[in-house]
Amino acid sequence: MAREMPSAVYDPRFLPCRTSHGEVRALTFTLSRRSPSFVQAMHDHELVHVLRHARGRFGTTLEYLLETADALRRRGL
């Protein structure tokens with residue numbers, strides 16, 4: 001949780017998630033649409049730019065995306 005909550009930008013919430021074993025409640029970290037960090041939509045080229053260049057104190061956005069996707073796949077999500 002330290003990675004997702006360093007500045008209380010995200011709201012931790014339990015949301016329903018479909019898995020290969022049925023629906024489960026999962027801890028998620030959501031961003032309020034009122035947050036100055038919220039982006040309604042991005043063009044593909046903007047998203048690619050973020051994935052190529054964005055970096056935080058724990059690594060790159062691309063690394064985070066790939067690790068998250070891999071962890072979800074391993075859990076059947």
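## Report on a predicted protein chain

At 43% relative accessibility, Arg13 is classed as partly exposed; buried means under 20% relative accessible area, exposed over 50%, and partly exposed in between (1.4 Å probe, protein chains only). The structure is a predicted model, in which local features need pLDDT of at least 70 and side-chain atom pairs count only at pLDDT 80 or more, while totals for chains, interfaces and linings use all residues. Residues are numbered from 1 along each chain as its sequence is written, and side-chain values use heavy atoms, with hydrogens and water left out.

**The chain as a whole**

The protein chain has two helices and four strands, and along the sequence these follow the pattern β-β-α-β-β-α. Helices (H or I, at least four residues) and strands (E, at least two) are DSSP runs, numbered from the N terminus. Along its principal axes, the C-alpha trace spans about 35 × 25 × 25 Å. Of the 77 residues, 13% count as buried. The chain exposes about 6,600 Å², of which carbon and sulfur atoms supply 55%; accessible areas come from the Shrake-Rupley method with a 1.4 Å probe, and for residues only the protein chains shown count as cover.

Contact means heavy atoms within 4.5 Å. Among contacts with a separation of 6 or more, 29% are accounted for by residues 24 or more positions apart.

Arg13 lies in strand β1 (residues 10-19). Not counting residues up to four places away in sequence, Arg13 touches Ala26, Leu27, Thr28 and Thr30. Glu23 belongs to strand β2 and is exposed, with a relative accessible area of 61%. With residues up to four places away in sequence again left out, Glu23 touches Pro16, Cys17 and Arg18.

Between β1 and β2 there is a loop that holds Ser20, a residue that counts as exposed at 58% relative accessibility. Ser32 lies in the loop between β2 (22-31) and α1 (44-53). The side chain of Ser32 reaches the backbone nitrogen of Arg34 at 3.0 Å. This is a polar contact, defined as a pair of N or O atoms within 3.5 Å; within protein, one must be able to donate a hydrogen and the other to accept it, and residues adjacent in sequence count only if both atoms are side-chain atoms. Ser32 also touches Asp11 and Phe38, not counting residues up to four places away in sequence.

**Helix α2**

The 14 residues of helix α2 (residues 61-74) should span 20 Å at 1.5 Å a residue, and the end C-alpha atoms are 20 Å apart, which agrees. The expected span of a helix is 1.5 Å times one less than its number of residues. Leu72 is located in helix α2 and is partly exposed, with a relative accessible area of 38%. Just after α2, Gly76 takes a positive phi of about 75°.

**Distances in sequence and in space**

The table sets separation along the chain beside the distance between C-alpha atoms.

| Residue pair | Apart in sequence | Apart in space, C-alpha to C-alpha |
|---|---|---|
| Arg13 and Thr61 | 48 residues | 22 Å |
| Glu23 and Tyr10 | 13 residues | 23 Å |
| Leu72 and Thr19 | 53 residues | 9.5 Å |
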